[in-house]
Amino acid sequence: MHAVAPLLLLSPHWWFGVDETVYLSQINSFVPPGGFSPPRSRGMTLVAAPVTLLTPSVTAVRLWTAALSGVALFVAFRPWLRLQKGFVTPLAALLFSSIWSVIYYSFEVMPNEWVAVTALASCGYLLLFLNEGRARHLMVASVALGLVALIRVPDAAYIGLALGISALCVGPSTRRRLVAGAGLLVGAAAGAAQWVIEAETRFGGLLARMHAAQAQDGSGGRFYLSAPAHAEVLGGQILCAAPCRADSSVLYQLWWIALGALVVAGVVGGWRRRRLAIELVPVAAGLAIAAQYLFTVQLVAPRFLIPAYALLCLPAASGALYLLQLVRRRAWRIVAGCLLGALLIAHTAIQLTVIQTQVKPAFTMGNNRTLAEARKLRKLGVHPPCHILGQGGWNQNLAYALRCTNHPRDVESVQRMIAMGTQVVWLTNKRPSARYGTEWTRVKLPGLRPSTPQVAYLSFEP
């Protein structure tokens, strides 16, 4: 289900988003690398590299990431089959896979779902180590946390801190607690090493890169209450800056309340069954990663909370089954079980409706525009080596489609590129610059709507 759902609901030919093209272009035999901003990590580039080194095919990338995400989900939930009894783990996986943002991003080259599965695996194998003391479990937990850091360093900091504190608090012996904490620290440091080295070589140092990364999300690392905006975007908006006015129906937000109630029930059930650590550790890690985005980041996107959902779905599933066990009479338990199943079906139907009525139409419009612009520019003679001039996000997407570069350039460097035979396409609705563009060929490209075409200036005669 997890691997197949996005292919069926969207398409194996679903065009790339702007952020995807940045990751996909870094290790690519066919497309020049796009600008790599300070917050990004190289992990997603490595995930896609086995395909991008062989083919530029959109379908190949989608099939690869969909299959790999399905395998990763199974690996992530596997330790929990030993930690949780009965149907808790399968129900948790089902709950997680029914969320629309999880479905949408499961086959995209974006970091959040991969952070989710690696964090989930790290948490599970850490608990196995604390319970059984087997070194291989700690090794897997450390490697998984290292992968979190390789994919997204800030997320690894929050998750690693929560897991490290948990390891020091719930281990059966002081030695095992210290070994677990040290193992997690080594794993996180190894995963973050590349990001730190790149900060020194490309961004002027670690602190400079951290400040630049915080500035890019609009908050500067300060406290910012974006939790209400996160509730608003549950209705299908992909990205906005808090305060966000997405006008989302309360119907799309009810499952947050249900998730919170079931998590509390899971913690209570774990306390009564003397399995509190099994419930509390994923709650601590999930709330830690959620707090980063709910209280410190001004940009709001549903995908930011995917790792928190993965960790919280486990105690939520445990809480749902615990509530069923409280029903003593068998007949009433069957009724309660049917009601739970009906609520899960209704929740899934609402999530699928969001994809079909909100997410898919919005992205289809943008994808169609990008591909239509690329087709027209190819007919006008644009071919590598070429450069797309402009700062808009869609320009990076168009550059990937045409296999052009898109780094910001000053006037002198643009003039040098033209002198060396590079075709330059300047996408702008402004007047041409006095220093270049006044003698370029002006063409109209398809816009998001027929009434709003985009203007392009070509440095060559089409």
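This is a predicted model: local features need pLDDT of at least 70, side-chain atom pairs count only at pLDDT 80 or more; totals for chains, interfaces and linings use all residues.
Colleague: What makes the link of Cys386 and Cys404 a disulfide?

Modeller: The S to S distance is 1.9 Å. A disulfide is a pair of cysteine sulfur atoms within 2.5 Å, so Cys386 and Cys404 are joined by one. By this rule the count comes to 1 disulfide.

Colleague: Where in the chain do Cys386 and Cys404 lie?

Modeller: Cys386 is in strand β3 (residues 386-389), and Cys404 is in the loop between α17 (393-402) and α18 (411-419). The two are 18 residues apart, and the pair links distant parts of the chain.

Colleague: Is the link of Cys386 and Cys404 left-handed or right-handed?

Modeller: The link is left-handed, with -90 degrees about the S-S bond. Both Cys386 and Cys404 are buried.

Colleague: Why is Cys313 called buried, and Cys338 exposed?

Modeller: Cys313 has a relative accessible area of 3%. Buried means under 20%, so Cys313 counts as buried. Cys338 has a relative accessible area of 52%. Exposed means over 50%, so Cys338 counts as exposed.

Colleague: Why are α2 and α3 called roughly perpendicular?

Modeller: Helix α2 (residues 18-26) and helix α3 (residues 43-52) pack at an angle of about 65 degrees. Angles of 65 to 115 degrees count as roughly perpendicular, and therefore α2 and α3 are described that way. Their axes are 8 Å apart, and α2 passes α3 in a right-handed crossing.

Colleague: Which residues of α2 and α3 meet?

Modeller: Tyr23, Leu24 and Gln26 in α2 meet Met44, Thr45, Ala48 and Thr52 in α3. By class, this contact of α2 with α3 has 4 nonpolar, 3 polar and no charged residues.

Colleague: What angle do α7 and α10 make as they pack?

Modeller: Helix α7 (residues 111-132) and helix α10 (residues 174-202) pack at about 155 degrees, with their axes 10 Å apart. Angles over 145 degrees count as roughly antiparallel, so α7 is roughly antiparallel to α10. The crossing of α7 past α10 is right-handed.

Colleague: Which residues make the contact of α7 and α10?

Modeller: From α7 they are Ser122, Leu126, Phe129, Leu130, Asn131 and Glu132, and from α10 they are Arg176, Val179, Ala180 and Leu184. By class, the contact of α7 with α10 has 6 nonpolar, 2 polar and 2 charged residues.

Definitions and conventions
Residues are numbered from 1 along each chain as its sequence is written. Side-chain values use heavy atoms; hydrogens and water are left out. Helices (H or I, at least four residues) and strands (E, at least two) are DSSP runs, numbered from the N terminus. Buried means under 20% relative accessible area, exposed over 50%, partly exposed in between (1.4 Å probe, protein chains only). Axes are lines fitted to C-alpha atoms, for helices over the stretch in contact, and angles run from 0 to 180 degrees between N-to-C directions. Angles under 35 degrees count as roughly parallel, over 145 as roughly antiparallel, 65 to 115 as roughly perpendicular and the rest as oblique. A crossing is left-handed if the near helix is turned anticlockwise from the far one by less than a right angle, and right-handed if clockwise. Contact means heavy atoms within 4.5 Å. Ala, Val, Leu, Ile, Met, Phe, Trp, Tyr, Cys and Pro count as nonpolar, Asp, Glu, Lys and Arg as charged, and the others, Gly among them, as polar.
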